[in-house]
Amino acid sequence: MDIELLVTRLAQSILRELQTVTCETIVLFAERDRKLPEGLAELLGPESQVLHVSDPYQSKQVDRYILPCLYIDQMVDLALGKGGSKLMYAVRQVLLTGKTVEVFQWEYETYMHSAPRAMLDLYASYRKELEGFGLTACAQETTPVRFGKNVLTEADVLQAREQGSIQLDLAVNCRVTPLARETARNLGIHISTDTGGIA
């Protein structure tokens with residue numbers, strides 16, 4: 001057998017394999033010059049092909065659509081079906097095709113410590129409406145927060161959210177206040193006990 005021919009065929013086979021490996025294509029609903037929220041760059045990873053909404057792309061080649069931050073005004077307009085910026089028009093067009101748009105950061109969550117409860121409840125209802133449209137919270141790799149106190153309060157839930165956690169692991173005997181449970185539900189934070197049951 002011709003060794004040179006064997007090496008050539010092997011090299012061609014390896015090259016074909018390498019060319020078929022595809023990376024994840026992500027479209028960001030943001031302008032190129034906008035600073036991304038902290039943690040989003042790490043989530044995207046170096047193996048992803050990141051495009052911006054102003055870049056030319058074909059939707060059939062896109063694996064994920066990510067909105068770095070959904071501001072309160074944008075959220076309200078989108079939930080009510082109102083027009084808005086070119087950016088929100090682009091988000092709406094993707095949603096109308098039945099695709100999902102991931103939201104990395106919901107602006108209203110930054111006001112959990114200071115905003116009146118009625119206002120936060122209103123924004124949470126808009127978020128629920130938008131989740132029905134196809135907007136979802138961006139899946140983020142986080143380590144569960146282990147909570148060792150006897151009572152979980154709203155302040156504890158808010159502190160966990162500020163740390164970027166979406167999972168609170170409680171001791172079996174820990175009690176959860178109703179406000180803590182509601183806040184966790186509104187923020188998409190899962191509460192579980194050491195036994196694995198949902199609190």
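In helix H6, the residues Glu154, Asp156, Val157, Leu158, Ala160 and Arg161 are buried, where buried means under 20% relative accessible area, exposed over 50%, and partly exposed in between (1.4 Å probe, protein chains only). The model is predicted, so local features need pLDDT of at least 70 and side-chain atom pairs count only at pLDDT 80 or more, while totals for chains, interfaces and linings use all residues. Residues are numbered from 1 along each chain as its sequence is written, and side-chain values use heavy atoms, with hydrogens and water left out. Helices (H or I, at least four residues) and strands (E, at least two) are DSSP runs numbered from the N terminus.

The buried residues of H6 pack against helix H5 (117-133), strand S6 (145-147), strand S7 (151-152), strand S8 (167-170) and helix H7 (178-187); contact means heavy atoms within 4.5 Å. Gln159 also belongs to H6, which spans residues 154-162, but Gln159 counts as partly exposed because its relative accessibility is 44%. The C-alpha atoms of Gln159 and His113 are separated by 9.6 Å, the two residues being 46 apart along the chain.

A salt bridge is a side-chain nitrogen of Lys or Arg within 4 Å of a carboxyl oxygen of Asp or Glu. Glu154 is buried at 19% relative accessible area, whereas Arg117, at 25%, is partly exposed.

Across the whole structure, 7 salt bridges are found. In one of them, the side chains of Asp55 and Arg32 meet at 2.5 Å, N to O. Asp55 is in the loop between strand S2 (49-52) and strand S3 (64-70), and Arg32 is in the loop between strand S1 (25-28) and helix H2 (40-44), so the pair ties together parts 23 residues apart in sequence. Asp55 is buried, with a relative accessible area of 15%, while Arg32 is exposed, with 52%. Another salt bridge joins the side chains of Glu102 and Arg64 (2.8 Å, N to O). Here too the pair links distant parts of the chain, with Glu102 in strand S4 (residues 101-106) and Arg64 in strand S3, 38 residues apart.

Nonpolar cores are sets of buried Ala, Val, Leu, Ile, Met, Phe, Trp, Tyr and Cys residues joined through side-chain atoms within 4.5 Å. The largest core has 45 residues, of which Phe29, Leu70, Val91, Val101, Tyr108, Leu135 and Leu152 touch the most other members. Leaving aside neighbours within four places in sequence, the contacts of Val101 are Phe29, Tyr65, Leu67, Val91, Val94, Leu95, Gly134, Leu135 and Thr136. Another core, of 7 residues, lies apart from the largest one and includes Leu28, Leu40, Leu44 and Cys138.

In strand S8, Asp169 is buried, with a relative accessible area of 16%. The side chains of Asp169 and Ser192 are joined by a polar contact of 2.8 Å. A polar contact is a pair of N or O atoms within 3.5 Å; within protein, one must be able to donate a hydrogen and the other to accept it, and residues adjacent in sequence count only if both atoms are side-chain atoms.
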